[in-house]
Amino acid sequence: MSYKETVKKKTLFLIGLALLGLSVFLLVSSISYIFTWKEDQSLKAVASMFPEAMRASNRAGGLGYFAGEFLVGSCFGIAAVVFGFTLLYAAFKFLFIKKINYLKLVSCALVGSLLGSLILSYAAMLLGGQSQLFLGHGIGGGAGAYLVGAMSMLIGREVCAVVIL
């Protein structure tokens with residue numbers, strides 16, 4: 001085996017380890033956020049004023065809370081765990097040095113998360129009431145709630161359901 005091949009294998013292995021750590025962190029922070037989002041809502045104000053006073057209930061700590069808030073609360077809702085699993089898949093591909101199509105992987109993660117977010121937000125809109133307040137922005141996240149609300153207003157609920165499905 002040549003020097004270049006050895007360096008390439010070691011580099012891919014290190015990238016795989018980094019992706020494995022990131023994917024575990026994102027999965028833990030996202031899943032923990034689903035269960036602890038109410039207790040950690042006060043951290044939004046405390047973090048900017050007194051970072052040393054931050055005590056997060058999220059299993060991934062304060063940084064995990066902010067990652068969960070962004071992915072689950074503000075963006076994709078429960079469907080955000082797709083990102084963690086996609087990174088986990090990529091990490092195993094890198095660790096075992098298999099060919100991977102990056103464009104396909106990223107597009108599947110984004111489309112899967114967005115579609116899941118839209119479906120969950122539409123279901124929350126149909127249920128109404130408290131389901132819209134779950135996780136701060138609704139079960140489908142802030143992005144899904146915004147897109148479903150805009151589509152429903154522009155084309156109606158029934159057509160919105162057909163477009164999403």
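## Starting at S117

S117 is found in helix 5, which covers residues 102–127. Keep in mind as you look around that this is a predicted model. With a relative accessibility of 0%, S117 counts as buried, because the cut-off for that label is under 20%.

So what does the side chain of S117 have beside a polar atom of its own? The backbone oxygen of G140 lies 2.5 Å from a polar atom of that side chain. G140 also turns up among the contacts of S117 once neighbours within four places in sequence are set aside. The list reads C75, F76, A79, G140, A143 and G144.

## From F76 to the ring pairs

Searching the whole structure turns up four aromatic pairs. In one of them, the rings of F76 and F83 sit with their centres 5.3 Å apart and their planes at 50°, so this pair is tilted. Are these two phenylalanines buried or exposed? F76 counts as buried at 13% relative accessibility, and F83 counts as buried too, at 19%.

F92 and F96 make another aromatic pair, and this one is stacked: the centres are 6.3 Å apart, with 10° between the planes. Here the accessibility labels read another way. F92 has 39% relative accessibility, so it counts as partly exposed. F96 has a relative accessible area of 55%, and since exposed means over 50%, F96 gets that label.

There's a cluster to look at as well: ring pairs link Y33, Y65 and F66.

## Zooming out to the whole chain

How many helices and strands does the protein chain have? The count is seven helices and zero strands. Read from the N terminus, the elements simply go α-α-α-α-α-α-α.

The protein chain has 165 residues, and 38% of them count as buried; S117, at 0% relative accessibility, carries that label. As for the surface, the protein chain exposes about 9,900 Å², with carbon and sulfur atoms supplying 72% of that area.

Take the contacts in the protein chain between residues at least 6 apart in sequence: 68% of them join residues at least 24 apart.

Note on methods. Residues are numbered from 1 along each chain as its sequence is written. This is a predicted model: local features need pLDDT of at least 70, side-chain atom pairs count only at pLDDT 80 or more; totals for chains, interfaces and linings use all residues. Side-chain values use heavy atoms; hydrogens and water are left out. Helices (H or I, at least four residues) and strands (E, at least two) are DSSP runs, numbered from the N terminus. Buried means under 20% relative accessible area, exposed over 50%, partly exposed in between (1.4 Å probe, protein chains only). Contact means heavy atoms within 4.5 Å. Accessible areas come from the Shrake-Rupley method with a 1.4 Å probe; for residues, only the protein chains shown count as cover. Rings of Phe, Tyr and Trp (its six-membered ring) pair if their centres lie within 6.5 Å; planes under 30 degrees apart count as stacked, over 60 as edge-to-face and the rest as tilted. A polar contact is a pair of N or O atoms within 3.5 Å; within protein, one must be able to donate a hydrogen and the other to accept it, and residues adjacent in sequence count only if both atoms are side-chain atoms.
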